[in-house]
Amino acid sequence: MKTQFLTTALLLPFLAVAQPKPKKAASSAVDADKKTVIADLDKRFPEYAGISKQIWDFAELGYQEEKSAQLLEEQLKKEGFEVQTGVAGIPTAFVATYGSGKPVIGILGEYDALPGLATEAKPDFTPIQGQKGGHGCGHNLFGTASVAAATEIKDWLKRSGHSGTIKIYGCPAEEGGSGKVYMVREGLFKDADVVLHWHPGAQNAADASTSLANKNAKFRFKGIAAHAAASPERGRSALDGVEAMDYMVNMMREHIPSDTRIHYVITRGGEAPNVVPAFAEVYYYARHKDRDILQSVWKRIENAAEGAAKGTGTQVEWEVLGGVYNLLPNVTLAEVMHQNLQTVGGVNYTPEETAFANKISQTFNGPKVPIESAANVNDFRTASETTTSSASTDVGDVSWVVPTVGLSTATWVPGSSAHSWQSTAASGMSIGQKGMLVAAKTIALTALDLYKTPALIEKARAEWVQKRGADFKYEALLGNRKPALDYRK
């Protein structure tokens with residue numbers, strides 16, 4: 001009998017392969033409120049850099065981010081936010097609120113690390129022995145910048161007496177755990193008018209792009225143990241079941257839409273060659289920009305699992321651990337954020353950072369990108385079928401229940417790949433921290449524009465309603481399952 005729970009996905013759309021020609025930040029008049037925000041964030045940069053480094057050192061995996069979440073919660077409490085912890089049945093999720101009335105603007109923050117990738121913040125691979133994870137997606141920077149931006153908006157609301165509420169959503173387990181999906185399902189975004197977010201990357205861009213929907217699960221095969229030499233006929237290999245499934249799925253790749261992504265790892269394959277494995281497990285991800293196509297492909301993956309079990313005399317069940325929507329882009333909001341990113345500009349390296357960047361770029365397995373491009377801001381790209389990232393994120397679910405916009409900043413050396421030791425290293429030193437500051441400034445300035453010009457929110461909402469359809473009803477891809485708090489254990 002099948003156990004079906006559900007999927008989550010990862011990453012973000014701002015890491016797409018095809019890059020537009022970058023350009024220098026635009027110089028434009030900046031009002032007094034924005035100047036104050038920029039100056040204050042510059043002044044507090046050492047404080048926020050220190051917080052991001054602490055989270056980098058913690059390197060806690062999804063749903064295990066106790067220290068990281070607590071650090072951010074305490075920082076927000078110190079700043080006068082009302083903090084609700086343990087929301088949506090997740091001990092490491094929180095919502096912090098300041099202000100009252102409309103508009104309500106939310107900012108997303110992440111802080112989970114990835115398995116493996118534990119390396120020192122150096123331009124050569126220097127593993128950290130005994131550490132399970134590393135911030136190869138820069139979420140130590142993500143959560144910190146979001147708190148910094150929310151704090152600046154709080155100060156402005158207090159200073160100006162302007163009506164409005166700022167919320168920061170502490171979102172755990174983005175990397176495969178679908179933390180935001182449970183928060184959406186719990187209704188935590190129902191009073192938000194707009195949600196802002198960002199993601200670490202190797203470039204500075206604020207596009208109206210989308211991402212891939214994702215579904216993932218662990219398929220667990222059960223067989224019969226036996227002596228692999230003396231009595232193999234008495235055994236039924238669970239590993240045979242896994243390998244038969246993998247073979248069928250790999251043959252299936254020729255007969256599914258070419259823009260589908262399927263990847264897997266065998267997480268358990270047996271204990272010893274002379275024992276027929278009684279248990280084996282394989283962890284699958286599938287992605288596509290169209291959720292209906294994704295679901296049809298996923299059904300074929302399930303069929304392959306059942307066929308593999310039948311053919312090898314084993315049994316199979318699966319647990320869907322996560323599932324996320326594609327991002328719903330919003331051009332109105334993206335244009336505002338892009339303008340503010342141009343105002344802020346990119347990342348300029350010191351001679352020491354340039355030396356770090358030059359050395360680490362020599363380790364890249366891919367096209368070389370000029371390291372000075374970290375100072376540039378990419379041209380704006382409108383939402384279209386051609387601006388789809390090959391990554392996935394649980395921000396997608398948020399974007400279907402509230403108008404949402406995000407950006408990427410150059411926290412890594414240009415040419416870096418996400419989920420690599422190189423991105424991990426940069427996330428733990430000044431290059432990553434400078435990119436984090438760009439994000440904090442851009443988000444705060446964008447929020448100021450939205451508070452001061454409510455018509456922008458109205459326009460963004462009208463676009464959002466038109467794109468998602470009047471009859472849209474949100475249903476989480478992971479159904480009614482409880483948060484998969486042990487998916488990294």
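This is a predicted model: local features need pLDDT of at least 70, side-chain atom pairs count only at pLDDT 80 or more; totals for chains, interfaces and linings use all residues.
The buried ones are E353, F356, A357, I360 and S361. Looking down the axis of helix 9, you find these buried residues within an arc of 120°, so they line one face of the helix. For background, an α-helix has 3.6 residues a turn, so residues three or four places apart point the same way. On the face of helix 9 turned away from the buried side sit P351 and E352, which are exposed. The buried residues pack against two other helices: helix 11, residues 421–427, and helix 12.

The largest nonpolar core has 72 residues. Helix 12, residues 430–452, supplies the largest share of this core, 13 residues. I166, L196, W198 and V413 have the most contacts inside the core. Take I166: leaving aside residues up to four places away in sequence, I166 touches a list of residues that includes F81, Y98, I105, I107, L157 and Y451. There is also a second, separate core, with 37 residues, V95, Y169, V181 and V395 among them.

Last, the cysteines. How many disulfides are there? The count is 0, taking a pair of sulfur atoms within 2.5 Å as a disulfide. Consider C137: the closest cysteine sulfur, in C171, is 14 Å from the sulfur of C137, which is too far for a bond. For C171, the closest cysteine sulfur is in turn that of C137. C137 is buried, at a relative accessible area of 2%, and C171 is buried too, at 0%.

Conventions:
Residues are numbered from 1 along each chain as its sequence is written. Side-chain values use heavy atoms; hydrogens and water are left out. A nonpolar core is a set of buried Ala, Val, Leu, Ile, Met, Phe, Trp, Tyr and Cys residues joined through side-chain atoms within 4.5 Å. Buried means under 20% relative accessible area, exposed over 50%, partly exposed in between (1.4 Å probe, protein chains only). Helices (H or I, at least four residues) and strands (E, at least two) are DSSP runs, numbered from the N terminus. Contact means heavy atoms within 4.5 Å. The arc is that of the directions from the helix axis to the C-beta atoms.
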